[in-house]
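Dear colleague,

I am handing over the structure below, and after it you will find what I found when going through it. Please read the notes with the coordinates open beside them.

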Amino acid sequence: MNPALLLFTISFLMFALSLNLVYRALTDPTTGRVLERLGEGQPQLLEKAQGVAWLDRAFLQAGLGRPSERLGLWLSLWAAAVIVAGLIGGWLFLLALLVLPPVLLKLFVSWRYHRRVRRMVEQLPLLLDHCVRSLKAGRTLADAVLTAIEASSDPLKSSISRVSRNVQMGVSLPEAVNDFAELYERDEFRMFALGLKVNHRYGGNASELLENLIVLIREREQGARKLRAMTGETRMTALVLGSLPVFVVGFFMVTNPSYMLKMWQDGGGQQMLLTAMAMQIIGSVALWRMVRSV
């Protein structure tokens, strides 16, 4: 690798980082940041995610904070890694570092989001039960919900605390809960928000409504567990079929690495390996979609 080219690459990246810092300092003054933090709790149900807002939304759903505050730094480091990999390992390493980090990040954020939301749904009946007991003790519906939020545990407490912040800023309780439900996109949260909205508009027995909602959520959870148990064989079969070619290639690389390397060095063998990789990816995606539809 040419040392002058490497030095030029590092200098260019440092120059890009300095421009990014200057741009952020000019376009994001202290007063702007304060106003943004004061207004970030307000529900905005009708606005669609624009720019990098979808990235912030995905990270907030996963409980990872807002990545847009340091997006320029992470993109610069990623670009530096891609350039260095291309200079050292050629186009194959460049393509790998160009594709794998976004895919792995997407998979990690999606896995963390689903695990976190599943735990929140499991905790929701306890929160609703606390609301029912507070209502029967003579509290209002808003006080019962806010008290239950304070008494809940993580991850539900850290997520639904945005409802308390919105209410303190003057947003009505049904709108605040609806904002929370639309952020995490789960039917259980939407039913909770709909129940509060109906009770707020038309009145009625709030404790009976929440008790029925508790029963409904627990029945849905029980049905989902039964479905996972009934489809366990199908999901395990898909996992074995998807991972078998990967294990076979790994076995060849451990026992006879020259076999795979000679195939890669040959033109026809390289085409066969690339075709097999593409077919493996397509087959894994097809199996994943089939399992999701069960």
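Helix α5 (residues 91-136) packs with helix α6 (residues 141-151) at an angle of about 135°, and their axes are 8 Å apart. That angle makes α5 oblique to α6, and the crossing of the two helices is right-handed. On the α5 side the residues that take part are Leu127, His130, Cys131, Ser134 and Leu135, and they meet Leu141, Ala144, Val145, Thr147, Ala148, Ile149 and Ala151 in α6. Sorted by class, this contact of α5 with α6 has nine nonpolar and three polar residues, and no charged residues.

Helix α6 also packs with α7, here at an angle of about 145° and with the axes 9 Å apart, and α6 passes α7 in a left-handed crossing. Leu146, Ile149 and Glu150 are the α6 residues in this contact, and they meet Lys157, Ile160, Ser161, Val163, Ser164 and Val167 in α7. By class, the contact of α6 with α7 has five nonpolar, two polar and two charged residues.

**The model as a whole**

Please bear in mind that this is a predicted model. The secondary structure of the protein comes to 13 helices and zero strands. Of its 294 residues, 24% count as buried, and among the contacts with a separation of 6 or more, 61% are between residues 24 or more positions apart.

How confident is the prediction, and where is confidence lowest and highest? The protein averages a pLDDT of 77, and 80% of the residues score at least 70; the mean is lowest in helix α2 (residues 30-39), at 47, and highest in helix α8 (residues 173-184), at 89. Two stretches deserve a separate mention. Over residues 29-35 pLDDT stays under 50, and the model has one contact beyond four places in sequence for them; over residues 37-49 pLDDT also stays under 50, but the model has 16 contacts beyond four places in sequence for that stretch. Where pLDDT is low, the predicted coordinates should not be read in detail.

Pro67 is placed in the loop between α3 (53-61) and α4 (71-89). Is Pro67 buried or exposed? Its relative accessibility is 16%, and therefore Pro67 counts as buried. Leaving aside neighbours within four places in sequence, Pro67 is in contact with Leu55, Asp56 and Phe59. Pro67 and Arg57, which are ten residues apart in sequence, lie 9.7 Å apart in space from C-alpha to C-alpha.

The other two concern the backbone, and the background is that most residues other than glycine have a negative phi, and most peptide bonds are trans. The peptide bond from Asp154 to Pro155 is cis, with omega near 5°, and Pro155 is placed in the loop between α6 and α7 (156-168). Glu185, although it is not a glycine, has a positive phi of about 55°. Glu185 is placed in the loop between α8 and α9 (187-202), and because its relative accessibility is 41%, Glu185 counts as partly exposed.

With best regards

Note on methods:
Residues numbered from 1 in each chain as written. Predicted model: local features only at pLDDT ≥ 70, side-chain atom pairs only at ≥ 80, totals over all residues. Heavy atoms only, no water. Axes fitted to C-alpha atoms, helices over the stretch in contact; angles between N-to-C directions. Helix = DSSP H or I, 4+ residues; strand = E, 2+ residues; numbered from the N terminus. Parallel < 35°, antiparallel > 145°, perpendicular 65-115°, else oblique. Left-handed = near helix turned anticlockwise from the far one by under 90°. Contact = heavy atoms within 4.5 Å. Nonpolar A, V, L, I, M, F, W, Y, C, P; charged D, E, K, R; others polar. pLDDT = per-residue confidence, 0-100. Buried < 20%, exposed > 50% of the residue type's maximum accessible area, 1.4 Å probe, protein only.
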